[in-house]
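Here are my notes on the model below. They cover a cavity, a pocket and a helix pair.

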Amino acid sequence: MNIQWYPGHMTKALRQIKDDIKLIDMVIELADARIPRSSRNPEIKSLTNGKIHILLLNKADLAEEKTTAEWIEYYKEQGILALPLDSRAKAGSRDVARLIDKASEEKRARDLRRGIKNRPVRALIAGIPNVGKSTLINNLAGKKSAKTGDRPGVTKGKQWIHVNKTLDLLDSPGILWPKFDDEKTGEALALFGAISDNVFEKQELALILYHRMGEFYPGRLKEVYGISDDLADAEVLAGVADSRSLLMSGGEYDLKRAADVFLDDLRSGRLGKVSFEKPQ
């Protein structure tokens, strides 16, 4: 797969974020709890110098709890305030609000020393595409404040959202970076929908998922589809199609639909909780 790509609109989005940084006190970075390493944009880290920075591992409900806890401890040792999150859950938004309050204590004290009272923390929500930024904003604000979707590129333009008297949020478009460190990073982002499905051949991506499931969760696909972990590549999607009765009009297996189903089962959690990266 050709993973050295960089859509033009992301250049514009990154430039906009660089301009917005001077307006904010805090960066709230969202990453995917199933792939915490691959889903953290190094560009965001370079932008946060001098700003309060917290990290939310979103979609933690779809990841292994033990592995996510290891990641939280790993970031704690690095001095990073981190929290596992399901951005759709109200309880999760309350945890985020408490973390924001904790992280901004020094900022509020500094304001008071300067005679500034009741100025809200202005926070930028940042992360890769399709990681749940807009869903988190809507939950924090208690209303449909930001557009949400299940594909990259839904959020467009600058959106300030007033949450309450102590917090204003600035949504930002999801951005990737010009060159991935290795092939595994690009594959991981593609598997979980951070890269548009129009960019990569989905049947090839489905085979990458098959091998990754066999590596991390041997036997899981037997439980879900009744297929073994040692099939030849040419047999994999036929096995998925057979288990779901995905047939074309002539009675042949519909391999394209099988690839779609396989990837959707991963992203939705129907393959079970997965964590494809561990802190090392």
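1. First, the terms. On a 1 Å grid over the protein atoms alone, a cavity is a set of points where a 1.4 Å probe fits but cannot get out. A pocket is an open set with protein on both sides within 12 Å along at least five of seven lines. Lining residues have an atom within 4 Å of a point.

2. This is a predicted model, where local features need pLDDT of at least 70, side-chain atom pairs need 80 or more, and totals for chains, interfaces and linings use all residues. Residues are numbered from 1 along each chain as its sequence is written, and side-chain values use heavy atoms, without hydrogens or water.

3. The count is 1 cavity of 30 Å³ or more. The largest cavity has a volume of about 40 Å³. Its lining includes Asp32, Ile35, Ile128, Pro129, Ala188 and Phe192.

4. The second largest pocket has a volume of about 540 Å³; a volume is the space filled by probe spheres set on the points, which are joined across faces, edges and corners. Its lining has 21 residues, with Arg40, Lys45, Tyr75, Gln78 and Ile80 nearest the centre.

5. Helices α7 (183–191) and α8 (202–216) pack at about 105°, axes 10 Å apart. Axes are lines fitted to C-alpha atoms over the stretch in contact, and angles run from 0 to 180 degrees between N-to-C directions. The pair is therefore roughly perpendicular (65 to 115 degrees). Ala188 of α7 and Leu205 of α8 are among the contact residues (heavy atoms within 4.5 Å).

Conventions: Helix = DSSP H or I, 4+ residues; strand = E, 2+ residues; numbered from the N terminus. Parallel < 35°, antiparallel > 145°, perpendicular 65-115°, else oblique.
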